[in-house]
Amino acid sequence: MITTKLALENYVSTEHLSPKDIAHLIERAIEFKYMPEDLLPSYSDAYISNLFFENSTRTHLSFEVAERKLGMNVIPFDPSTSSINKGETLLDTAITLEALGIDTLVIRSKEKKYYQKLIDDHNLNLSIINGGDGSGQHPSQCLLDVMTIYEEFRILQGLKVVIVGDLAHSRVASSNAELLSRLGVELYFSGPIEWYDSSFDAYGTYVSLDHIIQEVDVIMLLRVQFERHEHKTFLDYKNYHESYGLTETRAQLMKPHAIIMHPAPVNRDVEIADSLVTDSRSRIVTQMKNGVFARMAILEAVMNGKR
Ligand code: CP
């Protein structure tokens, strides 16, 4: 049982977290995973709202499950019927929600670093949790990914991980590259060169999947981010799958203990063969399950940061 407390004012990027903070959050998430419901802490005086301006199933709903498990008051917010459609800015929406008594916002936006002007505004006294900012960061996904890898191997230092696919447009790739490299993971990147970004050079090596697949412990696949491609991408699905995806043939080359990860939603038979999504080596469903517990640990730390 963890006896120390982690207190965070906001949770917007993995870059602001030390390895000790990450270790705490992961241990706490694992504790929550096995804790009987009647022993969970209760934050019945917390008022929280989830503002999702981009589509989401996993992040939105697992935050909501996590919030309800922790006894919080979850105030519904629907962007399609909110005054954002009448020209209200995100800052004015946040000021309004704070005036109504809401103390924490989970926000997903297509704007990179949207959270900075909310945090910098001295009149605003809300905690912000980033549910994804464009192609910037997805720090709660990153935590659940690191938790899933840690649960599997009980160590991160020295593991070999390849991140494969639409690297340039993926916030999952940027968060994981930054954090995993800081935690001592040996990183490789793969996928179409057009979707590689030189900023990843700082964290690892660009290779072809066929070159590295027999050596890695984790294959982390990325969804093709059609919505972030400036020009409509012509993608030959079959060609992408054969050239860059995890095909059944490639999967046969994996080390016996290696695992397959994907943040989902999955484009079946594009990033990964349909049959491999629920293969015994796939941790895709485990990642979704861990999302609830990782987000409970994040929410608890942010509640501690307020009190
Ligand atoms: N992995 C992830 O962020 O999924 P959603 O877009 O469904 O939240």
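User: Strand 4, residues 127-133: buried or exposed?
Analyst: In this predicted model, seven of the seven residues of strand 4 are buried, so the strand is largely enclosed by the rest of the structure.

User: How does strand 3 pair with strand 4, parallel or antiparallel?
Analyst: Parallel, over five bridges; strand 3 covers residues 104-109.

User: Which residue in strand 4 is the bridge partner of Ile107?
Analyst: Asn130.

User: How many bridges between strand 8 and strand 9?
Analyst: Three, in the parallel sense, with strand 8 spanning residues 218-221. Ile219 stands opposite Ile260 of strand 9.

User: Now helices. At what angle do helix 5 and helix 6 pack?
Analyst: About 55 degrees, with the axes 9 Å apart; helix 5 is residues 139-153 and helix 6 is residues 171-182. That angle makes helix 5 oblique to helix 6.

User: Is that crossing left-handed or right-handed?
Analyst: The crossing of helix 5 and helix 6 is right-handed.

User: Which residues meet there?
Analyst: Helix 5 brings Pro139, Gln141, Cys142, Asp145, Val146 and Ile149, which meet Val172, Ser175, Asn176, Leu179 and Leu180 of helix 6. By class, the contact has seven nonpolar, three polar and one charged residues.

Key:
Residues are numbered from 1 along each chain as its sequence is written. This is a predicted model: local features need pLDDT of at least 70, side-chain atom pairs count only at pLDDT 80 or more; totals for chains, interfaces and linings use all residues. Side-chain values use heavy atoms; hydrogens and water are left out. Axes are lines fitted to C-alpha atoms, for helices over the stretch in contact, and angles run from 0 to 180 degrees between N-to-C directions. Helices (H or I, at least four residues) and strands (E, at least two) are DSSP runs, numbered from the N terminus. Angles under 35 degrees count as roughly parallel, over 145 as roughly antiparallel, 65 to 115 as roughly perpendicular and the rest as oblique. A crossing is left-handed if the near helix is turned anticlockwise from the far one by less than a right angle, and right-handed if clockwise. Contact means heavy atoms within 4.5 Å. Ala, Val, Leu, Ile, Met, Phe, Trp, Tyr, Cys and Pro count as nonpolar, Asp, Glu, Lys and Arg as charged, and the others, Gly among them, as polar. Buried means under 20% relative accessible area, exposed over 50%, partly exposed in between (1.4 Å probe, protein chains only). Two strands pair if DSSP finds at least two bridges between them.
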